[in-house]
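Student: I'd like to go through this structure with you and ask what stands behind the words we use for it. Can we start once it's on screen?

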Amino acid sequence: MASAAEERPARVSGIDKIERRRIALAESALKTLGELGYARTSLREIANNSEFTHGVVHYYFRDKIDLISYCVRYYKTKCARRYDEVVETATTGDELVSGFLARMTQTLVEETPMHKLWYDLRAQSMFEDQLRPDVEAIDELLEEMIWRILTRYAELTRTKPSVDAPTAYALIDGLFEQAVVGYAANPEKVPALLSDRLLQILPKLIA
């Protein structure tokens, strides 16, 4: 009879296999979700636009909300780590700001559908109780990301943040959401406009 220690790797391996399949399904679904948005996307629609059958999708996710919440949580978790290298390697305030703006405008241009999906989902959470815990968790993750950037900026410029973490997040996220909304209508000007607005506001968040 196998010991508990001998059985544990098999259980962990099984969990990893399930999680790997959920990640594969999420990555496959993100394109469809980004194009159609929350309201127009069903599990069947996702299956029809992927290599997976409707039955497989339904096996790993109990419903549309479960899948979409997982997809956005998976994507936004990666987004929240996108700026870590900039925070860790910048040696001056200007270098940090430059790296931050470059990454933010890059993700605006290259991943607009995913950001539209996130803001769509966040709005829907006001009406769908099932969405709210995931949306709150993602918001907290993104707030922590912005706070890491701001506190490092303050450290490099030998100042202190003049606002708290929720306020900093609300201001920067508000500008980014506005850019996501405007990008479809004016893709040539909006990234530069976002950079200009962030350059105006960042120095005012420290004192």
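Tutor: Helix α9 gives the largest share of the lining of the largest cavity, 4 residues. Keep in mind that this is a predicted model, where local features need pLDDT of at least 70, side-chain atom pairs count only at pLDDT 80 or more, and totals for chains, interfaces and linings use all residues. Residues are numbered from 1 along each chain as its sequence is written, and side-chain values use heavy atoms, with hydrogens and water left out.

Student: What makes a space a cavity, and how many of 30 Å³ or more are there?

Tutor: On a 1 Å grid over the protein atoms alone, a cavity is a set of points where a 1.4 Å probe fits but cannot get out, and lining residues have an atom within 4 Å of a point. The structure has 1 cavity of 30 Å³ or more, and the largest cavity holds about 180 Å³. Its lining counts 16 residues, and K76, M104, L142, M145 and F176 are the closest to the centre.

Student: Which helices each supply at least two residues of that lining?

Tutor: They are α4, α6 (93-110), α7 (112-124), α8 (132-156) and α9 (165-183). Helices here are DSSP runs (H or I, at least four residues).

Student: Why is S69 called buried?

Tutor: Buried means under 20% relative accessible area (1.4 Å probe, protein chains only). S69 has 3%, so it counts as buried. S69 sits in helix α4, residues 64-80. Leaving aside neighbours within four places in sequence, S69 is in contact (heavy atoms within 4.5 Å) with L121, L131 and D134.

Student: What is the average pLDDT of the protein?

Tutor: The average is 86, and 93% of the residues score at least 70; pLDDT is the predictor's confidence in each residue, from 0 to 100. Over residues 1-12, pLDDT stays under 50.

Conventions. Buried means under 20% relative accessible area, exposed over 50%, partly exposed in between (1.4 Å probe, protein chains only). On a 1 Å grid over the protein atoms alone, a cavity is a set of points where a 1.4 Å probe fits but cannot get out, and a pocket is an open set with protein on both sides within 12 Å along at least five of seven lines; lining residues have an atom within 4 Å of a point. Grid points are joined across faces, edges and corners, and a volume is the space filled by probe spheres set on the points.
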